[in-house]
Amino acid sequence: MTAPLLEIQTITAGYGAAPVLHEITLSVPPRTIVAVLGANGAGKTTLLRTVSGLLRPTSGAVRLAEEDLARVPVEHRVRRGMAHVPEGRGVVAELTVDENLRLGGLFRTDRRDARRALAEVYTLFEPLARRRGHAGHQLSGGERQMLAIGRALVGRPRLLLLDEPSLGLAPRVTAQLMGLLARLRDDTGLAVLLVEQNVRSALSVADRGVVMSLGRVVREADAALLRDDDALRHAYLGF
Amino acid sequence: MDRIVFLTVDGLSRGAVYAAMALALVLIWRGARIVNFAQGAMAVAAAYAGHSVTAATGSFWLGFLAALAAGLALGWLVERLVMRHVGHDRPLNAVIVALGLVLLITAVLGIVYGNEFRPAPPAFDRTAGFAGLSPYDIFVFLSVAVTVGALAVLFTRTKAGLRLRASAFAPEVSRLLGVNVGGMLLLGWVLAAGVGALAGMLIIPTEFGLHPNAMDRSFVVAFTAAVVGGLDSPLGAVIGGLAVGLVLSFVGGYLGDQVTPLAIIVLLLAVLLIRPDGLFAARAARRI
């Protein structure tokens, strides 16, 4: 087994006095998609916010490629190869498609590769190329999701944190998205921590699955095992 | 006819300065969601700094540059020492702090320089020449046009501008993308205070001279201009400034100077009642 890219070690975190996450431990190896599943309020979004640094854990550690991130501010984590696509997609509605995408590469010092990455994203998401000059708020839900993920890819991340990418998307679009994640994993070695309510699609592409309930990890297993575990699906995932 | 030409030119010339001040207010509003009520006082402080340099060196232009530099520095100080520590959970906090800053700056200026008017001679002749334009009017138009143009290029054509806009619209997302949002906020304050200082240097010589409260009236007018244009819209600030300058010039010219303060308030009230977001505010883009 390869050394994990992301290691989350017994973190406890929350807003105010009451913790939302209780001693969560999980890891994401390179070239792996880990799906985090669970009902509303299980703490999935809070987990991603803690990993990307928007929320400070009260205890525990987050490590990326064996570096402790406790003292690394949010805006520096993207330079370490971590990209967080927040829930609700985080497209800057007032900026154009092109500006949103360029924003994703501004931190890079290798300007040439940043331009190449931008061109690649336009090839990957063909509809975005046609709407370059449109403002973010003029896009459809699917296009906005493409834009948010494309913007993350312009930074050439090693680890992608995706929060509910299927939210509000048609099933066909969701399937395409999941296919794209699998392709990126296989072609570029991208690691993905995928938070999803849509358990079926998430498990269709994930290598591992983590089930959360009320801020704790209640089950962690290969995605294939979780797919076939009827009792677990009934108890925590509701289908 | 001459009167109309004179009032129009005078209105546009003052309006250009109000436009610059309104633009400074918009810059800070967009970045920090704070109406910087201390803008006028900060500009006066910068003007006094320039006055001191001119008195020491005998050079008007050195003093002028010193005032602009002092403006930038004051913006830096106010953001770093004061505004960054004001909680943003309650909008009123920032307003109260800014008003407190006005009292503080005015009082310190009064202690250091005294409360009497000091002469502030204009850089160029103010007698009207061709088409009713005085050399000073041309200086004002050029200064403001260059400043507005430079800001427009900065915001729309450069990486720093993209960062500035992104942090203003979506601070959290910008941080996730590696933008130093705190630094952008600081840059916004510095730029705005510099523009404010320029406006002060342009308008003080056209009024009674240098005094700790010299910008109070101009600030109210500029604030009105910013609200007329929409606090979110740089273009609106410029148009609002020119429009308000014209309105005041015509009201003052035809109805008398006593009426102008009233006209400002009426205009402000009318805009707030009819289009509270301002005339040029883009319909808020819905964030999903």
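This is a predicted model: local features need pLDDT of at least 70, side-chain atom pairs count only at pLDDT 80 or more; totals for chains, interfaces and linings use all residues.
In general, the strands of a sheet are held in pairs by backbone hydrogen bonds, and the pairing can be parallel or antiparallel. Zoom in on the S5 end: strand S4 (residues 59–64) of chain A runs antiparallel to S5(A) and is joined to it by 2 bridges. If you want a residue pair to look for, A:Leu64 has A:Glu67 in S5(A) as its bridge partner.

Next, stay in chain A and move along to its helices. A:Phe125 lies in the loop between helix H4 (111–124) and helix H5 (126–130) of chain A. Is A:Phe125 buried or exposed? Its relative accessibility is 6%, and because buried means under 20%, A:Phe125 counts as buried. What does A:Phe125 touch, leaving aside residues up to four places away in sequence? The answer is A:Met146, A:Ile149, A:Gly150, A:Leu153 and A:Leu180. Take A:Met146 from that list: it is 21 residues from A:Phe125 along the chain, yet their C-alpha atoms are separated by 6.7 Å.

Now for where the two chains meet. On the chain B side 19 residues are in contact with 25 residues of chain A. Together the chains bury about 2200 Å², with 63% of that area on carbon and sulfur atoms. Three leucines stand out here: B:Leu162, B:Leu176 and B:Leu177 supply 30% of what chain B buries against chain A, more than any other three residues. There is charge pairing too, with 3 salt bridges counted between chain B and chain A. In one salt bridge, the side chains of A:Glu75 and B:Arg175 meet at 3.2 Å, N to O.

Finally, have a look at the surface of chain B. B:Val220, B:Ile265, B:Leu269, B:Leu273 and B:Ile274 form a nonpolar patch there, with about 520 Å² of accessible area together. Helix H11 (residues 260–274) of chain B gives the largest share of the patch, 4 residues. B:Leu269 has its place in that helix, H11 of chain B. With 48% relative accessibility, B:Leu269 counts as partly exposed, because that class lies between the 20% limit for buried and the 50% limit for exposed.

Methods: Residues are numbered from 1 along each chain as its sequence is written. Chains are lettered from A and ligands numbered from 1 in the order in which they are written. Side-chain values use heavy atoms; hydrogens and water are left out. Patches are made of residues with over 30% relative accessible area and no salt bridge: like charges are joined within 9 Å, nonpolar side chains (Val, Leu, Ile, Met, Phe, Trp, Tyr) within 5 Å. Accessible areas come from the Shrake-Rupley method with a 1.4 Å probe; for residues, only the protein chains shown count as cover. A salt bridge is a side-chain nitrogen of Lys or Arg within 4 Å of a carboxyl oxygen of Asp or Glu. Buried means under 20% relative accessible area, exposed over 50%, partly exposed in between (1.4 Å probe, protein chains only). Two strands pair if DSSP finds at least two bridges between them. Contact means heavy atoms within 4.5 Å. Buried area is the accessible area (1.4 Å probe) that two parts lose on being put together, summed over both.
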